Amino acid sequence: MKLFFAPMEGVAHHLFRRAQAACFRPADEYFMPFICPKNQSLTHRERADINPENNQGVHAIPQILTNNPESFLWAAQLLCDLGYDEVNLNLGCPSSTVVRKGRGAGFLADPDGLHDFLSEVFSRCPLPISLKSRLGMERPEEFERILSVYNDFPVKRLILHPRVREEQYGGSVHLDWFHYAEKESRAPVVYNGDLFTAQQILEFDESHPMISGIMCGRGFLLHPGLAGMCYGEIESVDKLEAFHAMIYDGYRRDIGTEAFVLMKMKEVWAMLGRGQGLEKKTLKHIHKASRLDAYEAAVKAAMEEIAAR
Ligand SMILES: Cc1cc2nc3c(=O)[nH]c(=O)nc-3n(C[C@H](O)[C@H](O)[C@H](O)COP(=O)(O)O)c2cc1C
């Protein structure tokens, strides 16, 4: 079974990915949060995330969010020059600001425009292209037409989150439409959505022998040791401490300002704390910390609580 780490903008940046890979069993491949090339330029943060030096030790695949073929091709050439071996197109982002501009899941509302875009980029892209898609904008039935568009191109793999944009991440996934994709897609299909535990992943893998992999997002935020847990490994407190230290030290080195470091670490704990089943008051101490020394004391208490289990 291949297990892929999902792109998660704002959380699963290079520090998180490298810490996960160094401290626990790594995922097979790491899909990176989207970069959004504008006027042939990237932000400082985007450049840092795709910098190969920041991705040593992980097989990382960059993702592009755009509906402009020239912007896509410019970024793909840059990524090719940096040594990447695949580029992924984001066709799933549900955020209103993205969708309003016809990007991410918003692009799915215009299958003809999407076809034109894919014709252009598949004929000129220096790298193999994979797609990360939802079923559509409003109704899962839209996927029939969307898949017929994808099937016209040599897509390296289709990662499918079987929800429509309107559903964001709520309600149940449409497994019937995932099965449709498994049968009808010319490209190998990867499943993504709502698999949070090793048991769920193993059961899904067992019952879907045709898929070419499973991608997990929030599961890795809840349990950075998720890949190892699929092989019976334990998410020990020593590994969690090392994982935390790598991210925390990285933020202090790269960002510096106390308030920003605290904000980013609290984002990590929002999911990690839930995954570890921390007491409410333990998490509250972490979230209320307004100085690094108070934060470090709260984290020490959290690790002691985990170790005591
Ligand atoms: C905070 C956050 C940021 C995300 N950023 C991206 C992104 O940059 N690109 C992308 O394709 N999907 C993004 N996603 C979607 C995830 O990759 C994934 O499809 C989603 O979380 C469902 O998978 P899961 O149920 O395993 O979490 C994001 C999701 C979350 C929760």
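Predicted model: local features only at pLDDT ≥ 70, side-chain atom pairs only at ≥ 80, totals over all residues.
Visitor: Let's start with helix 1. Is it enclosed or open, and why?
Guide: Helix 1, residues 14–23, is largely enclosed by the rest of the structure, because eight of its 10 residues are buried.

Visitor: Which residues of helix 1 are the buried ones?
Guide: They are H14, L15, F16, R17, A19, Q20, A21 and C23.

Visitor: And what covers them?
Guide: Several elements do. The cover includes strand 1 (3–5) and strand 2 (29–35). It also includes helix 2 (44–50), helix 9 (218–222), helix 11 (237–254) and helix 12 (258–275).

Visitor: You mentioned helix 11 and helix 12. How do their axes cross?
Guide: The axes come within 9 Å and cross at roughly 155°.

Visitor: So are they roughly parallel or roughly antiparallel, and why?
Guide: Angles over 145 degrees count as roughly antiparallel. Helix 11 and helix 12 are therefore roughly antiparallel to each other.

Visitor: Is the crossing left-handed or right-handed?
Guide: The crossing of helix 11 and helix 12 is right-handed.

Visitor: Which residues make that contact?
Guide: Helix 11 gives L240, F243, H244, I247, Y248, Y251 and R252. Helix 12 gives V261, K264, M265, V268, W269 and L272.

Visitor: What classes do they fall into?
Guide: The contact of helix 11 with helix 12 has 10 nonpolar residues, one polar and two charged.

Visitor: New topic. How many salt bridges does a search of the whole structure find?
Guide: The search finds 20 salt bridges.

Visitor: What lets two side chains pair like that?
Guide: Side chains of opposite charge can pair when their charged atoms come close.

Visitor: Give me one. What about R157 and E86?
Guide: Their side chains meet in a salt bridge, at 2.6 Å from N to O. The pair links distant parts of the chain, 71 residues apart. R157 is in the loop between helix 6 (143–150) and strand 6 (158–160). E86 is in the loop between helix 3 (69–81) and strand 4 (87–91).

Visitor: Are R157 and E86 buried or exposed?
Guide: Buried means under 20% relative accessible area. R157 has 8%, so R157 counts as buried. E86 has 1%, so E86 is buried too.

Visitor: What about the salt bridge of R139 and E141?
Guide: Their side chains meet at 3.6 Å, N to O. R139 is partly exposed, with a relative accessible area of 46%. E141 counts as partly exposed, at 40%.

Visitor: Back to R252. What does R252 form a salt bridge with?
Guide: R252 pairs with D249, and the closest N and O atoms are 2.7 Å apart.

Visitor: Where are R252 and D249, and how are they separated?
Guide: Both are in helix 11, three residues apart, so about one helical turn separates them. An α-helix has 3.6 residues a turn, so residues three or four places apart point the same way.

Visitor: Last topic. What is the phi of Q40?
Guide: Q40 has a positive phi of about 55°, although Q40 is not a glycine. Q40 is found in the loop between strand 2 and helix 2.

Visitor: And what is the phi of D194?
Guide: Phi of D194 is near 65°, again a positive value in a residue other than glycine. D194 is in the loop between strand 7 (189–192) and helix 8 (198–207). At 25% relative accessibility, D194 counts as partly exposed.

Methods. Residues numbered from 1 in each chain as written. Heavy atoms only, no water. Buried < 20%, exposed > 50% of the residue type's maximum accessible area, 1.4 Å probe, protein only. Helix = DSSP H or I, 4+ residues; strand = E, 2+ residues; numbered from the N terminus. Contact = heavy atoms within 4.5 Å. Salt bridge = Lys/Arg side-chain N within 4 Å of Asp/Glu carboxyl O. Axes fitted to C-alpha atoms, helices over the stretch in contact; angles between N-to-C directions. Parallel < 35°, antiparallel > 145°, perpendicular 65-115°, else oblique. Left-handed = near helix turned anticlockwise from the far one by under 90°. Nonpolar A, V, L, I, M, F, W, Y, C, P; charged D, E, K, R; others polar.
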